[in-house]
Amino acid sequence: MGPLAQPPDSSGSTPHQDRSPTARLEMTGISVAFGGVKALTDVSLTVEPGQVHGLIGPNGAGKTTMFNVACGLVRATEGRIVWRGQELRRLRPAQLAGLGIARTLQGVGLFPGLTVLENVMVGAHRHARAGFFSALFAVPTSDADEARLRERAVAALGELDAEGYAARYPGSLPYPVQKRVALARALVSEPELLLLDEPASGLSEDEMRELGDLIGHLSGRMSVLLVEHHMDLVMRVCDHITVLDSGKQIAAGTPQQVQNDPAVTEAYLGDAVDDTTDVSELAGTDGGTHRG
Amino acid sequence: MSDLQTPASSPTAGAATSDAPSTATAASNASSAQAAGGRTFLPRNTLLRHLLVLVLCAVGAVVLLETTDLGFNAQVGYVAFYAIAAGGLTVLTGLNGQISLGHGALMAVGAYTTALLLDAEEPLPLVVVFLAAVALTSLVGAIVGVAAARLHGPYLAGATLALAVGLPGLALYYRSFLGGEQGLTVSSPDRPEWFTDVIRSLSGGSPSGVKWIAYISVACLLITYFLLANLMRSRVGRTWRAVRDQEVAAELAGIDLGRWRVLAFVVSAAAAGLAGAVLALVVRLTAPTGFTIVLSLSLLTAIVIGGLGSLLGALIGAALLVFLPRVLRDAGESLDMDAAQAAEISYVVYGVILVLVMLFAPAGLVGSIRLAWMKQRARRAAGGTTR
């Protein structure tokens with residue numbers, strides 16, 4: 001998957017790269033209620049600088065809600081979100097992007113009417129300098145700014161081996177390529193915190209391995225919060241994992257700790273064994289093979 | 001057309017089938033980043049490129065106006081104000097995905113402003129009058145836009161429809177000031193000496209007021225399209241299209257949806273205001289009956305037929321709006337119908353043509369041509385590769 005993936009980082013232990021990120025995302029006591037339904041109850045997690053933080057749990061556990069709270073799409077009923085010493089809870093998604101928080105969408109969410117290159121250039125929105133009037137009168141500043149954004153976008157596409165698709169429209173591209181373009185659109189803004197929502201869905205085994213390498217490598221440049229169903233990927237790339245079930249936090253720790261936590265095993269199996277009779281046999285399997 | 005959207009199994013297959021964006025707005029998607037690998041016979045600098053096109057179009061317009069009779073010159077004035085308003089509307093609807101049924105009312109704001117200002121004892125220079133019309137209409141557009149930014153689809157259509165129905169009514173309410181049903185007659189601006197000289201040396205003829213107004217109209221059209229084209233080819237146009245295509249993704253990229261929607265509305269209203277100002281000069285009368293919902297719908301028809309989001313499409317649509325009914329009426333009369341019959345039948349045929357265009361070219365004229373061209377190019381690209 002391009003130069004980014006080449007040095008297969010030892011699945012992102014501690015950051016040692018030149019531009020190590022300094023910003024920490026602290027979400028404390030987050031509760032979300034939709035009407036009377038409590039989607040999240042008192043969940044806390046901290047994404048340490050340069051870490052890959054996994055957020056897992058069975059379907060309906062509240063992972064995506066937590067994620068939406070982090071990027072401002074859903075407002076928490078209670079709790080604090082602190083990023084670089086700033087309270088984020090009342091900010092809107094567009095403002096969060098300006099603070100260096102980028103996120104990918106669960107589908108791909110590309111703009112169908114924009115070329116791949118333009119899609120990625122939109123991602124670089126927060127780096128644009130030329131304003132409305134320089135665009136209106138087409139002053140050279142506008143052109144120079146566009147050239148700069150284009151350069152950034154081409155570089156981001158290059159990182160993901162997708163620069164060959166620059167002039168194409170997303171609708172005509174295979175799904176895995178679309179996912180790479182969507183990732184490039186998030187990366188082009190040079191975020192300090194990247195929120196990845198199920199980046200592996202719809203990918204083949206090989207593509208998932210490449211994605212793992214990429215995420216491991218990205219952690220040198222930014223913090224990553226990852227929601228993912230594929231346990232092997234999560235276990236491989238994450239430094240720290242928070243497990244949710246029914247809107248509550250049931251475990252947190254390193255992949256090892258989480259894997260051996262009986263509460264986690266139970267949550268996952270409780271989900272998976274509905275129509276199986278031999279519960280005792282399944283309880284022996286290790287957490288790594290379960291699907292969410 | 002649904003096959004255009006399906007993800008293909010491989011890049012080559014994708015190129016072979018088609019590489020088209022969503023069809024409805026195909027005409028609007030002239031890429032803002034095309035200079036990267038586009039044709040080279042035009043300058044890559046946006047300003048130079050657009051100025052070059054502007055100059056070529058200006059020359060073409062002069063030739064057109066000087067080789068045709070005054071009757072046609074007057075028609076060109078009509079096309080110009082329709083095209084200015086349609087250009088603004090195509091930015092709003094084609095690029096930003098907001099529908100407006102109220103642009104006729106916004107044109108009324110520009111037209112009445114112009115009529116009132118030109119009526120003064122010592123009228124201000126025409127440029128100032130036009131700028132005032134644009135400024136006031138932009139202000140109204142901003143107010144409407146703030147409300148519109150929160151509305152979608154049919155709700156937005158409804159709200160702007162209320163504007164179209166309600167605003168011209170003000171003329172009836174403030175009868176003494178705005179002239180009631182009779183409206184205001186617009187005093188023609190004096191044509192300057194230099195214009196007479198230029199036309200005389202150009203074609204030898206003596207210029208009339210009609211010609212002067214035709215030239216003003218065309219100049220306004222060219223300036224508007226130049227500025228709109230600049231916007232469309234810049235980050236502004238791209239951001240508008242992003243907001244149109246995928247709100248959530250746009251917001252996550254840091255785009256303040258509301259602010260960009262209001263901006264689109266203001267730009268669009270500014271064009272409508274100028275269109276109204278030109279209309280006031282061309283028609284020489286501003287009355288509520290000139291700004292009914294029919295005007296708003298005609299503008300929408302023009303941009304849809306031409307191809308949503310394309311300035312060329314808006315111009316073609318505006319020209320059809322002016323010329324098609326007349327051509328049909330003339331054709332009817334040549335088929336031995338009396339004038340009234342011909343006029344009536346011309347609207348029927350006009351409607352049928354609109355329906356046919358929508359059936360067979362849903363992307364509009366420019367959009368369909370562009371789609372066909374892209375398909376052709378993709379096919380050639382697929383044929384050329386050995387993979």
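Modeller: Strands (E, at least two residues) and helices (H or I, at least four) are DSSP runs, numbered from the N terminus. This is a predicted model, where local features need pLDDT of at least 70, side-chain atom pairs count only at pLDDT 80 or more, and totals for chains, interfaces and linings use all residues. Residues are numbered from 1 along each chain as its sequence is written, with chains lettered from A and ligands numbered from 1 in the order in which they are written.

Colleague: What makes strand 1 and strand 4 of chain A a pair?

Modeller: They share 5 bridges and run antiparallel; pairing takes at least two, so they qualify. In strand 4 of chain A, A:Glu26 has A:Val82 as its bridge partner.

Colleague: And what joins strand 1 to strand 2 of chain A?

Modeller: 7 bridges, again antiparallel, with strand 1 covering residues 25–34. There A:Glu26 sits opposite A:Thr46.

Colleague: Why do strand 4 and strand 5 of chain A count as paired?

Modeller: DSSP gives 2 bridges, and the cut-off is at least two, so they count.

Colleague: What order do the strands take in the open sheet of chain A?

Modeller: The order is 2-1-4-5, with antiparallel pairing. Strand 2 (37–47) and strand 5 (86–87) of chain A are the edge strands, as each pairs on one side only.
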